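I am opening my notebook for a friendly walk through a structure.

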Amino acid sequence: MLKSWKLKEVVLVSVLSVVFAVVYLLFVHIGNLWAGLIGPIAYEWIFGIWFIVSIIAAYIIRKPGAAFISEVMAATIEMLIGNAIGPRIILVGIVQGLGAEAVFAMTGYRRYELWVLMLAGFGSAVTSFVYTYFMSGFAMLEPGYVATMFGLRTVSGMVIAGIGGKLLSDLLLKTGALRGYAISRSGHVHG
Amino acid sequence: MSLHDMNPTIKFATFTLIMFGLALFYNPWTPLIIIVGTLMIQLMATDVSWKKWSLFTIPFLITALGTFWTTLVFGKDLGGETWVSILGQSISKQEFAVAVSLSMRVLAFTVLSLLFMLTTDSKRFVMSLMQQARLSPTIAYSALVGFRFLPLMQQELHQLQYAHRLRGVPLNTRWERIRHVPKLLLPLLAGSIRRAERIAFSMEARGFTGGKRTVYERIDIKPTDYVWSCVFFLLFGLSIWAGI
Amino acid sequence: MVEAKSLTFRFPESSDAILEDVTISIRPGRTILSGASGSGKSSLLALINRLYPENCDGILQGRLTLLGRSHDEYKPGEINQQVGTVFQDPDTQFVMGRVEEELIFTLENLATPVEQVDQRVTDILESLQLNDYRHREIDSLSGGEKQRIAVACALVGKPEWLLLDEPLTHLDPVTAYRFVEWLDKVNGLNVIVVDHRPHIWGDFFDWQIGLEQGRIVQNEPFQSVDDFTFTRSIARQEGEERYMVEEVVRDSFQLKSTTLQVRQGEVIAILGPNGSGKSTFLRSLTNGDPRVGLVPQSPEHLFFMDSVERELQFGHEEAIETVLVDMALHEQRHMHPLSLSHGQKRRLAVGIQSLSNKSLLAFDEPTAGQDEPSLHALEALMKRHAERGQTILFVTHDLSFANIANTFYLMKDGELSGPYGDDLWQDAKKLRHYRLLGGPDVTT
């Protein structure tokens, strides 16, 4: 998978992962404040935050594996800097990363328009929900409540990760820091 | 035989398996036994700072509480005799037990995770994944570079905040600082990306290819690693038995 | 070692050539590649250690022979066994935490047999007199120390050639002088250095190659040169103002409190080596005084809006048109501030300050890494603002550039002394005491 990658691309993914691991951890705490009051549904509407690094990495580097590797690395780093969800979070990262990666794979790693990025956010939402359903024992909750959670999470994935990820990457492109990466040669992005 | 010395990959695999196993049980006793057992091991075989541990645990106590009462209120109707009544909802003994179990599960995950985190050195973990789990050296060393960036980024963040304050951005209260975070993210990312490229170049200039390389520091699997693994699985077995 | 014939090189994003029709031959010994930023000197260096063209997907035409083989015959990482490189920024050259680990990392890359690793580490540290650093944390070292460790890492693989890409940029003059002196003692090494301020190197080299806009303009035996010259500001000085600098105590460091008395139109230089407390002094001076505007060493730290226009318009209602024209930024008005060149960023930073009516403009280390045209542009900018009645103050360890100032202060261990006039330059003893002049008789 890494054969076609340049070292600077792998290091870039790692650095993005570090930045977003910190952001992720920040949002775990923001989510926690709510969760005490309204339960696990508190996380759902901001869930897209936790998919954003895979969208950004894939959109910048445009190579197979970018979405998956970045999400797993961010999860691992998040664990090592203090998310008490622990080793399990790496599995969460794997599951979420696979969801987005699958969507990019379906386009043959050739299309990176907004709708593809939103679909990738949707993909992560679906795979991660299946995982949470099992691990958190959602089978024990009202189906209506579970459906609401699912709906919120997919919308959040498409909006925060898909649209948000694109906006942030396009801004980064404008700063000139991404010169020399695939995104800067993609023509159809206005700088 | 401190837990700090346990092979990180074996430790990781053991803990992950137990956590998955835990997800299969819906009684309060199984997670409770895991919590008690894990804390006893932490007390006897590690020198984890309990103060640090408590700081990390607090947020997850809140999550556990949230899980507890959502399960009560939004939980599936399992039938049975009404035991108590909350907010006009009648709750049976079984339903109450499920709620306790799910919130205990959150705590059991937390306790195991913290034990892993507080007894595992990041660098050793990455090195061990490279040697035992065949993680690609390119990813492993890039991750180490990422870790080195953490203090650098913190430094840069302070410099940015200072400069922005000079320009009249109010950054005195906590809320003002949080509101300004999105404006810090972009310069921080742009700077980090430029630095990432420089560091990648200097790795390559020193002959790093991700290909064939010597392994100087071996992180081996010792018999005690298996002993530790068995201890944790025994604990898990005990907890399952207690739940029946 | 390097044979180039009709070499042309460009990046895929642009049709402008970075190197054009370059024909040179670099032979064993010590060579300097000089030229302004954008002259192509760093790209040429990156072609020699094979970071380019691969890493930028660059387009290369002509012939390039490295160590007797065509450049494209080398496998990735192969030439790095014979060519070691040290880069400009001391903070982005290391992967591991401690010095020893970093050296081991390099030896592992080169597939050195495990049983030789320890000895090789010991040998290189001993031969470079760096024994004491073996177990030190790299982050705890100063810029000069980090550059020496970077040299050790480049040499531990026993290369025949050492390339250095502007290695002195972040060092103060005495540290830079000592670094050169120390490098001079390493025997039997062929060196190629990229630098746009050759004078610090004294007579270190035996060959010089000059580049200008991608073309070779100089290829001859080396002759040591004087530094660029700068002239004193002649702006009219009037009035008088006072600025308080409050005490700062941090760990083992203490900045003494002072009151600074300045005149409008005065240009002031605060001189001192790295770590003497110059930046802390500036922080204390700017802290909470609305009359003071600061241009940080990285001017981009001030920016957080997404276009030049919005950046200038932040926080006030005044018209920005005159400032845009004044700072020659009207063509860049819609660009992202972070995508500007260093000179443009600095002008934007000054523009921001002019819109908020600052009476004193402070610059933190404004000359680091700047080439000659950029330094002269900075000189002109400062003089222009002095003529408008602003007080200009800058902290620096650049003694040549300091010549534009009317008044000097010296800084050491958090204590400011001065003001001094021109006669300071005759007082070599004082300059040495403040670690501003190199030379074998430096005491501290």
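My entries below go through confidence, a pair of helices and a chain contact.

**Entry 1: confidence.** I noted that this is a predicted model, so I started with chain A, whose mean pLDDT is 88. In chain A, 91% of the residues reach 70 or more.

**Entry 2: two helices in chain B.** At what angle do helix 2 and helix 4 of chain B pack? I found about 20 degrees, with the axes 8 Å apart. Angles under 35 degrees count as roughly parallel, and therefore helix 2 of chain B and helix 4 of chain B are roughly parallel to each other. I also wrote down that the crossing is left-handed. Helix 2 of chain B brings residues including Pro31(B), Ile35(B) and Gln42(B) to the contact, and helix 4 of chain B brings, among them, Met104(B), Arg105(B) and Leu115(B). I sorted the residues of this contact into 11 nonpolar, three polar and one charged.

**Entry 3: chain B against chain C.** I looked up how many residues take part: 31 from chain B and 40 from chain C. On the side of chain B, the elements giving two or more residues are helix 6 (137-166) and helix 7 (174-205). Helix 7 of chain B gives the most, with 11 residues. The side of chain B that touches chain C has 16 nonpolar, seven polar and eight charged residues.

Terms used:
Residues are numbered from 1 along each chain as its sequence is written. Chains are lettered from A and ligands numbered from 1 in the order in which they are written. This is a predicted model: local features need pLDDT of at least 70, side-chain atom pairs count only at pLDDT 80 or more; totals for chains, interfaces and linings use all residues. Axes are lines fitted to C-alpha atoms, for helices over the stretch in contact, and angles run from 0 to 180 degrees between N-to-C directions. Helices (H or I, at least four residues) and strands (E, at least two) are DSSP runs, numbered from the N terminus. Angles under 35 degrees count as roughly parallel, over 145 as roughly antiparallel, 65 to 115 as roughly perpendicular and the rest as oblique. A crossing is left-handed if the near helix is turned anticlockwise from the far one by less than a right angle, and right-handed if clockwise. Two residues are in contact if their C-beta atoms, placed from the backbone, lie within 7 Å. Ala, Val, Leu, Ile, Met, Phe, Trp, Tyr, Cys and Pro count as nonpolar, Asp, Glu, Lys and Arg as charged, and the others, Gly among them, as polar. pLDDT is the predictor's confidence in each residue, from 0 to 100.
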